[in-house]
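The sequence and structure come first, followed by the points grouped by topic.

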Amino acid sequence: METSARAEFSRGARDGLPIMLGYFAVSFTLGIAARNAGLSAFQAGLASFLLNASAGEYAAFSAMAAGAGYLDAAFMVLVANARYLLMSFALSQKLAPTTPVWKRLLVGYDVTDEIFALAISQSGFVAPAYIFGAMSVAIPGWAVGTYLGVAVGNLLTPGLLSALSVGLYGMFLAVILPPARKDKKLLALILVSMALSYAVRALPGLSFLSDNMKTIVLTVGISLLAAVFFPIREAKA
């Protein structure tokens, strides 16, 4: 690994530590869901290592617990993770045009909400090594937390599990608030996004939409408005 790539990897691993801690805490509850679906600690940990997505894994474990077939479970995971397609499209624009396909595919392996927010907040093009560094600590945190959730999760009280779940939201705020303090337009978009997210969840007329579909609609709609009202002018060569 070249010196610059090694430095970016180390910086990504350092910035990914809060994500790892949040994942470790939240995945305890995921482990309990896996245990209720009949998975062993090893199976649950391996599932989290290969599919690092909370909503998708909950959908898969719920399908397993209900006795659904493989195709049904796969379709539920696809729907639950559909928003990551939008994030991948956006993140692809943050990679330099010369980035090899195999690096793009490896980045796509772990496009989660938190890693996406961390990568997209970097100025200019983001080095794949930076994302790989964040992934190197985030993925083990999620997998080990799920493993322990199966092994010892039932020893924790519901109140403690609920408290651990809040930690991930605090970590996510720590990722988006620093750049928002520097950019008033970004701060306004974050506040609008929060208000619309609450409104969409509270309005009874939209109850037929799944949470994942609501996220997709809001992401596309708010991104479109931001592009129209706050376009980013490309520098002329």
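By about how many helical turns are R11 and D15 separated in helix α1? The two residues are four apart in that helix, so the separation is about one helical turn. The model is predicted, and every value below is computed from it.

**Salt bridges**

- Searching the whole structure gives three salt bridges.
- Side chains of opposite charge can pair when their charged atoms come close.
- One of the salt bridges joins E8 to R11, with 3.0 Å between the closest N and O atoms.
- E8 and R11 both belong to helix α1, which covers residues 3–36, and because they are three residues apart there, about one helical turn separates them.
- R11 also forms a salt bridge with D15, where the closest N and O atoms are 4.0 Å apart; the cut-off for a salt bridge is 4 Å.
- D15 in turn forms a salt bridge with R14, the closest N and O atoms being 3.1 Å apart.

- E8 has a relative accessibility of 23%, so it counts as partly exposed.
- R11 counts as partly exposed because its relative accessibility is 27%.
- D15, at 22% relative accessibility, is likewise classed as partly exposed, the range for that class lying between the 20% limit for buried and the 50% limit for exposed.
- R14 is exposed, its relative accessible area being 52%.

**E114 in helix α7**

- Helix α7 spans residues 113–120, and E114 lies within this helix.
- E114 counts as buried because its relative accessibility is 9%, and buried means under 20%.
- The side chain of E114 makes a polar contact with the side chain of Y23, at 2.6 Å.

**Helix α10**

- Helix α10 runs over residues 184–202, which makes 19 residues.
- The N-terminal end of α10 is capped by D183.
- In this cap, a side-chain oxygen of D183 lies 3.0 Å from the backbone nitrogen of K185.

Technical notes. Residues are numbered from 1 along each chain as its sequence is written. This is a predicted model: local features need pLDDT of at least 70, side-chain atom pairs count only at pLDDT 80 or more; totals for chains, interfaces and linings use all residues. Side-chain values use heavy atoms; hydrogens and water are left out. The expected span of a helix is 1.5 Å times one less than its number of residues. A polar contact is a pair of N or O atoms within 3.5 Å; within protein, one must be able to donate a hydrogen and the other to accept it, and residues adjacent in sequence count only if both atoms are side-chain atoms. Buried means under 20% relative accessible area, exposed over 50%, partly exposed in between (1.4 Å probe, protein chains only). A salt bridge is a side-chain nitrogen of Lys or Arg within 4 Å of a carboxyl oxygen of Asp or Glu.
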